[in-house]
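Subject: Structure handover

Hello,

Here is the structure for your files. My notes on helix packing and sheets follow below it.

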Amino acid sequence: MPQVPQTLDALAVRTWCGLALEALGRAREEIDAINVYPVADGDTGTNLYLTVESAAAAVEAVFAGYETVAEPGGDRPASDRPASDGTFTDGYESAVVTGYEGAAAVSHDAAPLGAGTRRPTLADAVQAMAHGALIGARGNSGTILAQLLRGMAQVLATASETAHTDGQGLRLALRRAADSARQAVAHPVEGTVLTVASAAADAATGAEGDCGVVARAAYEGARAALLATPGQLAVLERAGVVDAGGRGLVAVLAALVQTFTGEAPGALTVPVEAHARVHESVTHVTGVGDVDTDECSAGRSDAHPDGCPDVCVDGAPEGSGPAFEVIYLLEAEDAAVARLRDRLDGFGDSLVVVGGDGLWNVHVHVDDAGAAVEAGIEAGRPYRIRITHFGLGDVHTGGRAGRPPRERAQRAVVAVVPGEGLAGLYTEAGATVVLARPGEPPASGELVEAVRRAHAREVVLLPNDADLRHTAAAAAEQARAEGVRAALIPTRSAVQGIAALAVHEPERRFDEDVVAMTSAAGATRYAEVAVAERQSWTMAGICQAGDVLGLIDGDVAVIGSDLTATAETVLDRMLAAGGEMVTLVVGDDAPNAVAAHLESRVRESYLAVDTVVYRGGRQGALLLIGVE
């Protein structure tokens, strides 16, 4: 048996995240199938998987950040060493262009890995895990899981690190996790993932030994609590299932056991007969059958001889729950978030607000989605807003009130875009958009979710980033497994995606459309202008922190001190090879005059070349340039 860690360190966190992601991947469909509470929308397993996928990606980014800084390859730049998947990066600029934001927050007291190398501390790893889960949290259970991980990080990331790397530290972390998750839910209900988390913490408290002993005790406590959930929630008992969120947490704790012992606990499966009862139960829960949901819509107890028998998180009846799920990230102060909690609690249910230190994840079920978003705007700056209508795409019922399922479109385009401005442009062009904020690349699960949202028989994927090609390929493969004809066009920049969208014709044969879009993207040279974050070697020489970098087709080609001058040099070099159309996408942080100057430059120096300008919003790069 391979050696396994007996103490908590960064490598243990990395291993745990990887094993938890694998476990949730295996259990995803089973968990989705038993999802009947608080809303029977059959996505709890998927939401938990996406949440952990984001956490694992954040941890991997921190390790990659240390590998880049340490440069164990000697004179060879870190960006030209083999990556974890055995491939080589294709340029030096990766050392200066921002990656996942957690990777930049490397600690100055990193633990030595060997001669000339360093690795993240425990604090680095758990903080990245918690942050990744926070920004990637999906659904009710995913949001609660993010707070569980944040609670653990608050204990494990303290300055006196050695005091929290043993079994005692893990016990304290599990206790804080359960308590903080319960506090994040507006109206906790027993028989849910909160109950399972508390049971895990209680069991761990009574365990004496190393991390392996504590982890196993927590797992056994959680498993026992999970099996008891049907007796605590009537909707679970009627369906013959355990709580889906709790089932996911048990899978995550099983991965923790495997991390410290090298052995996974025995498989935990839902009895086969339970699945046959889920549809019947969900039909009752959602009011599709003969249940009169209106009488209970205001929480009245006179509509049932024993009162409303099954209540959601805030006491609202299951059958008449709100129509929308609203989730967004929020930058706001603590006082504003406290006011937001009170306001959302007044007109929604299943309210969960997690996070801290200025960044929050807000989850609520409401009838007025716009009001929930407006409340966030008043509290701070909401972004990555997701609104889901429960009446559409309910996997158990096929829609509320007997509505027919939405007809599939013949073809759709799913594109990753780096800013809100471009998101609007792509959406107007008919694409289904996945927004990639600076330092927060989307995971494959988010692309798969977008493909499902597009609801088409054929899908064209535009990753618009060289680093997302493998992620998009995995999403395309999953789409094919679900019966969708999918094609990936390996666009490396959003301007190439714009060119591809410009020639997209859904009426054409699929293969012809893909070829035309691929040709248009390939005929578009791309560039970006950004600011160097630190000193580094590049293809154009040594750059210093604060220098303006002009990257053409992915390689640093120009180093300058002035944004406008550097952009003009980049544009001249691109047009030296010819061109008919220049596309400029200007970021929020770029001076207003830069686009006008470049337009004038093209008009005066290059005959018969047209220029189009778009506002990209917070897109990471100051300026994107495309030449077709």
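Contact here means heavy atoms within 4.5 Å. Helices (H or I, at least four residues) and strands (E, at least two) are DSSP runs, numbered from the N terminus.

The model is predicted, so local features need pLDDT of at least 70, side-chain atom pairs count only at pLDDT 80 or more, and totals for chains, interfaces and linings use all residues. Residues are numbered from 1 along each chain as its sequence is written, and side-chain values use heavy atoms, with hydrogens and water left out.

**Helix pairs**

Start with helix 5 and helix 6. R171, L174, R175, A178, A181 and R182 of helix 5 meet L194, T195, A197, S198, A201, D202, A204 and T205 of helix 6. By class, this contact has 7 nonpolar, 3 polar and 4 charged residues. Ala, Val, Leu, Ile, Met, Phe, Trp, Tyr, Cys and Pro count as nonpolar; Asp, Glu, Lys and Arg as charged; the others, Gly among them, as polar.

Helix 5 covers residues 167-184, and its axis comes within 8 Å of that of helix 6, crossing at roughly 155°. That makes the two helices roughly antiparallel. On this scale, angles under 35 degrees are roughly parallel, over 145 roughly antiparallel, 65 to 115 roughly perpendicular, and the rest oblique. Axes are lines fitted to C-alpha atoms, for helices over the stretch in contact, and angles run from 0 to 180 degrees between N-to-C directions. The crossing of helix 5 and helix 6 is left-handed. Left-handed means that the near helix is turned anticlockwise from the far one by less than a right angle; right-handed means clockwise.

Helix 6 (residues 193-205) also packs against helix 9 (residues 244-261), at an angle of about 35° and with the axes 7 Å apart. V193, V196, A197 and A200 of helix 6 make this contact with G245, G246, L249, V250 and L253 of helix 9. The residues divide into 7 nonpolar, 2 polar and no charged. Helix 6 passes helix 9 in a right-handed crossing.

Next, helix 16 (residues 494-502) and helix 17 (residues 510-522). Their axes come within 8 Å and cross at roughly 140°. The two are therefore oblique to each other. Their crossing is right-handed. Helix 16 contributes Q496, A499, A500 and L501 to the contact, and helix 17 contributes M517, A520 and A521. The classes are 6 nonpolar, 1 polar and no charged.

Two strands pair if DSSP finds at least two bridges between them.

Strand 7 (residues 409-417) and strand 9 (residues 456-462) run parallel, joined by 6 bridges. A415 has L462 of strand 9 as its bridge partner.

Helix 14 (residues 444-454) is largely enclosed by the rest of the structure, because 8 of its 11 residues are buried. Buried means under 20% relative accessible area, exposed over 50%, and partly exposed in between (1.4 Å probe, protein chains only). The buried residues include E446, L447 and V448. H455 follows helix 14 and has a positive phi, near 55°.

Strand 11 (residues 525-531) runs antiparallel to strand 18 (residues 623-627), with 5 bridges joining them. V529 has L623 of strand 18 as its bridge partner. Strand 11 is also antiparallel to strand 14 (residues 548-552), again through 5 bridges. There, E528 is partnered by L551.

Strand 16 (residues 581-587) pairs with strand 17 in the parallel sense over 7 bridges. V586 stands opposite R615 in strand 17.

Best wishes
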